[in-house]
Amino acid sequence: MFKKTAVLALALALLCTTVSFSFAAQAEGEVVTVEVLRNVWETGVDEDLIEDNFLEQYIRENYGIDIQYTKVDELETTLNMRLLSGDVPDIMFLPNRNYLIEYANEGYLLNLDEYADLLTDALAFTAGNAVAGKVDGVTYAIAGRPYGFRQAYWYNVNAFEAAGITELPTTLDGYFDAVRTVIAADIDGNAVNDTLGLTGSGWSTLCQIFGAHGCTVPNVLSLDADGNVVDTMLTQNFYDALLYAHNLWDEGIIDKEIFAINDTQVNDKGMIAQSTTLYTQWPGIKKVAAWDGYLAVDPNAAWEIVGPLTGPDGETNYVGSHNDTGFTSLVAVNAELADDPAVLEAALTLINFFATDEGLSLTTYGLEGQHWDYDADGNPVVRPECYNDIVFSWVYQMCGREELSYCRVKFGEYAWEYVVQSDAQPRLSDVTALIDDPEWYNGTDAETYINEECAKFLTGERELNETEWQAFLDTLNTTYRYSEFVEEANAAWQAMAG
């Protein structure tokens, strides 16, 4: 860490460097072109807005940098071909940490620690998840801040109230007792036991059951209270949680289709009140368009977040796990730019810009006076007619974003309370995506085995008892050396985290 005086000096140096660079370029009537290679963005973003938009114009006019975005469908293939041919992009989005490690070790990526004075804002803004961009302790990529926590259990308020439940229980047992009451009440009056207690997509559907036992769902590496990497699957609490879920499955409370349906289908079941409880993310239910879908089916629809449920120990109430130290992007720089000072400075200035207050404001709200204004309380408010004009701005957030303020602007006041409520829920720290598998470890096969066997235990295809569970763990260790893998994962994490 730099001393405070050194940080101030670097900040002043950065300011002077950026200003002199910008004015020098403009004085000559020239701009420096920086190519940025990344995968194509999501559908729904108007390509016409991307070509030469207000954001690129602003950067060109104020910083003398012209962004040349190269968008490709097959990022991995394109990167490999271009790097092998020597046509390395100035700035590149990397698909994952495997590519980061490979390209760093092969010398394609710039050591960003050596240019920290030009990346002051970027490094500070991403300090909380900087480890994701490091290889052997060296920063080779800026890891964009992760998204906020969006998951939750949601309950059908009308169904619960119709069954006489007006105060939601706060314990796991109490909640599922309430679910049983709602199911038995036959709210739809069809005299058929066809109401689901809980639905969702995949293992995450059960995250709050496991979380209340202090565990994650299968195939998640998390951090314990001492900051060590663990897999809670290897604990007694996980067995107890799986048994709890198995009993709910046997009872018919858990949707038998959770491993076959996607998030859209989950919300479809919510719209027709087929389930009392949904596991879904707030955008899938409370974004304006999504909620309009619910209201189109039932104008009186009411769904709210369940919130934390305390487990058997009377204290633990995790609602799941989340990669708070993860990343939304890995942005690296061509090492060869060390021999091209003008383009190098432009590339680093560009990345750093997107972590400044100026850059974050531009990619969140747009241009002041054109897209947004301050309200009476001094808060930026986007003009309603301008939302579509700035919908693409997230494409330029190379360092991530201030998640809550961004969501408030982009998704409106209605969704805001759910954005905050979701993100405030207690969860375990998921570091799975940050752990690099040892060369000897067959992670794909191990994950498949874990998923398949745990699903068998859940559904009853394989009897869940202490003997069978120990046999499963023994196979994990003899066939996949799983405990050894977790130990190495912890050692690697400690080295990464410093």
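Predicted model: local features only at pLDDT ≥ 70, side-chain atom pairs only at ≥ 80, totals over all residues.
R97 belongs to helix α5, which covers residues 97-105. Is R97 buried or exposed? Its relative accessibility is 4%, so R97 counts as buried.

Y99 is found in helix α5 as well. Y99 has a relative accessible area of 17%. The cut-off for buried is under 20%, so Y99 is buried. Which residues does Y99 contact, once neighbours within four places in sequence are set aside? They are E76 and N80. Y99 and E76 lie 23 residues apart in sequence, and their C-alpha atoms are 8.4 Å apart in space.

Helix α16 runs over residues 403-423, 21 residues in total. Its end C-alpha atoms are only 10 Å apart. A straight helix would reach 30 Å at 1.5 Å a residue, so α16 falls short of that span. Where does α16 bend? The bend is at G412, and its angle is about 135 degrees.

The buried residues of α16 are E403, Y406, C407, V409, K410, A415, W416, Y418, V419 and S422. Charged residues are on that list, E403 and K410 among them. In general, an α-helix has 3.6 residues a turn, so residues three or four places apart point the same way. What do the buried residues of α16 pack against? Their partners include two helices, α12 (282-286) and α15 (357-364). Strands β7 (151-156), β11 (303-305) and β15 (380-382) are also packed against them.

**The cavity**

How many cavities of 30 Å³ or more does the structure hold? It holds one. The largest cavity has a volume of about 40 Å³. Its lining is made by G148, F149, R150, W282, E403, L404, C407, V419 and D423. By class, five of these lining residues are nonpolar, one is polar and three are charged. Helix α16 gives the most to this lining, with five residues. E403, C407 and V419 line the cavity and are also among the buried residues of α16.

I209 is found in helix α9, residues 207-212. Its relative accessibility is 0%, so I209 counts as buried. Beyond neighbours within four places in sequence, I209 is in contact with Y153, L172, F176, L198, A241, Y244, A245 and L248. E161 is 48 residues from I209 in sequence, and the two are 23 Å apart in space, C-alpha to C-alpha.

**Loop residues**

D136 is found in the loop between β4 (134-135) and β5 (138-139). D136 is not a glycine, yet its phi is positive, about 55 degrees. Is D136 buried or exposed? At 75% relative accessibility, D136 counts as exposed.

R481 is found in the loop between α18 (466-480) and α19 (482-497). R481 too has a positive phi of about 55 degrees although it is not a glycine. Its relative accessible area is 36%, so R481 is partly exposed.

G369 sits in the loop between α15 and β14 (372-374). G369 counts as partly exposed, at 42% relative accessibility.

| Residue | Relative accessibility | Class |
|---|---|---|
| R97 | 4% | buried |
| Y99 | 17% | buried |
| I209 | 0% | buried |
| D136 | 75% | exposed |
| R481 | 36% | partly exposed |
| G369 | 42% | partly exposed |

Methods: Residues numbered from 1 in each chain as written. Heavy atoms only, no water. Helix = DSSP H or I, 4+ residues; strand = E, 2+ residues; numbered from the N terminus. Buried < 20%, exposed > 50% of the residue type's maximum accessible area, 1.4 Å probe, protein only. Bend = angle between axes of the 7 residues up to and from the residue. Contact = heavy atoms within 4.5 Å. 1 Å grid on protein atoms, 1.4 Å probe; cavity = no way out; pocket = protein on both sides within 12 Å on 5 of 7 lines; lining within 4 Å. Points joined across faces, edges and corners; volume = space filled by probe spheres on them.
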